[in-house]
Amino acid sequence: MNSLVRYLKKDLWSPYIAGILMGLVGILAVWLGNNLLGASGAFQSLAGLVGRAIAPRAFDNLYFNYVMPPGVTWGVILMIGIFFGGLIGAASSGTLLWGKKNAANSDPQWKRIFGPQAWKRWLLAFAGGILLQYAAGIAGGCTSGLAISGGMLLVPAAFLFIGGMFASGILTARLVYGKRY
Amino acid sequence: MTTYVIPLTIGVLFGIALNKAGLTRYSKIVDVFRLTDMAVLKYMMTALVVSMLGLYVLRGLGLVTFPSVPATYIVGNLVGGLLFGVGMSLAGYCPGTCVAGAGEGKLDYLIPGILGFMVGAGLWGLTYEQVFPSISKIGNYGNVVLPDLWNISPYLAAVAFTLMALVLFFLIDRAGLHRTEKQTR
């Protein structure tokens, strides 16, 4: 029992153990929630809410009226849970970064490649976020909503997405890392 | 009340899994693309095997019905995946892992990350009518799953997928099918 608790509190689990938990989460979503997991959809619902407050006329279109109506959806609640899950996981291993000095740019490998400046990290994090979300829109979901949720039900779209993602991810890493790849 | 408790609980477990697998770290994500640390692939494949076997068996027992599955439109799924991979390799996260990382207190995830996703979501919603109908027309198979498309038993497909995953795990862990990190200082 003690050793189980010690393992659960570890900073990193075996990816197989964490993957089993992820798989159970995927089952529970369908079984208890009658829903698929997803993250990018929640951002769409939230962007609709914010957009309607800022520019009601522009956000009164087909997409926000019928395809992805704004609101606090199942996916938004799930996303709030993900936030607290990250918090609980890090708290259990004592690796929370709230209030810590390096919270703005914490990855040593990033610093080795791009330098220690936080603004560079923030710029790329922001641009990456825009690209990721727009790409998820085109594909019809992200890593959780399409790759995992689609893949577990053997949806062809999921495997096309995963294939594309690894191909361009590898190529991009090669270009960014150059000789250090 | 239960409408909130269930997704909230599932979300918390989801976030814990992402944190414990190390997927809330830039290095873990980019290193699977450098092929030096295959944890992300092992995590994804294990999750797929567990949930695939579980859900098809539960459906066979009549305990669950599947929600509407994501649509397949070949070019859009593939192009979206290609763009997604670029973003993931650069930023070192995807929408879900960014939110979990934000919960850990990573400010680059919490502020520019989430802001980026919100801006991207606005842009997608505002340009949807111009982009989506044309791209989703090509090679559109609708909301289909492979067992139906190929007319094979879903159990056979799930078992075949599981065997493929086990072979992949064996190749990575035992046959060393990955690159090793170069010693740079």
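Here are some questions and answers about a predicted two-chain model.

Residues are numbered from 1 along each chain as its sequence is written, while chains are lettered from A and ligands numbered from 1 in the order in which they are written. In this predicted model, local features need pLDDT of at least 70 and side-chain atom pairs count only at pLDDT 80 or more, whereas totals for chains, interfaces and linings use all residues.

Q: How many helices and how many strands does chain A have?
A: Let's start with the terms: helices (H or I, at least four residues) and strands (E, at least two) are DSSP runs, numbered from the N terminus. Read from the N terminus on, the elements of chain A run α-α-α-α-α-α-α-α-α. The C-alpha atoms of this chain fill a box of roughly 50 × 45 × 35 Å along the principal axes. The count for chain A is 9 helices and 0 strands.

Q: What percentage of the residues of chain A count as buried?
A: A residue is buried if 20 or more other C-beta atoms lie within 10 Å of its own, exposed if 12 or fewer, and partly exposed in between, with C-beta atoms placed from the backbone. Of the 181 residues of chain A, the buried share is 51%.

Q: Are α7(A) and α4(B) roughly parallel or roughly antiparallel to each other?
A: Axes are lines fitted to C-alpha atoms, for helices over the stretch in contact, and angles run from 0 to 180 degrees between N-to-C directions. α7(A) and helix α4 (residues 74-91) of chain B pack at about 165 degrees, with their axes 8 Å apart. Angles under 35 degrees count as roughly parallel, over 145 as roughly antiparallel, 65 to 115 as roughly perpendicular and the rest as oblique. The two helices α7(A) and α4(B) are therefore roughly antiparallel.

Q: Is the crossing of α7(A) and α4(B) left-handed or right-handed?
A: A crossing is left-handed if the near helix is turned anticlockwise from the far one by less than a right angle, and right-handed if clockwise. Residues that make this contact include A:L124, A:G128 and A:L132 of α7(A) and B:G76, B:G80 and B:F84 of α4(B). By class, the contact of α7(A) with α4(B) has 15 nonpolar, 7 polar and no charged residues. The crossing of α7(A) and α4(B) is left-handed.

Q: How are α2(B) and α3(B) placed relative to each other, and what is the term for it?
A: Helix α2 (residues 26-33) and helix α3 (residues 39-60) of chain B pack at about 90 degrees, with their axes 7 Å apart. B:K28, B:I29 and B:V32 in α2(B) meet B:A39, B:V40 and B:L41 in α3(B). α2(B) and α3(B) are therefore roughly perpendicular.

Q: How many residues of helix α5 of chain B are buried?
A: Among the buried residues in α5(B) are B:P95, B:C98 and B:V99. What covers them includes α3, α5, α7 and α8 of chain A together with α1 (2-21) and α6 (107-135) of chain B. Helix α5 (residues 95-103) of chain B is largely enclosed by the rest of the structure, because its buried residues number 9 of the 9.

Q: Is A:L154 buried or exposed?
A: A:L154 is found in the loop between α8 and α9 of chain A. Its phi is positive, about 65 degrees, although A:L154 is not a glycine. With 25 C-beta neighbours inside 10 Å, A:L154 counts as buried.

Q: Is B:N151 buried or exposed?
A: B:N151 is found in the loop between α7 (146-149) and α8 (154-173) of chain B. Phi of B:N151 is positive too, near 55 degrees, in a residue other than glycine. With 7 C-beta neighbours inside 10 Å, B:N151 counts as exposed.

Notes:
Two residues are in contact if their C-beta atoms, placed from the backbone, lie within 7 Å. Ala, Val, Leu, Ile, Met, Phe, Trp, Tyr, Cys and Pro count as nonpolar, Asp, Glu, Lys and Arg as charged, and the others, Gly among them, as polar.
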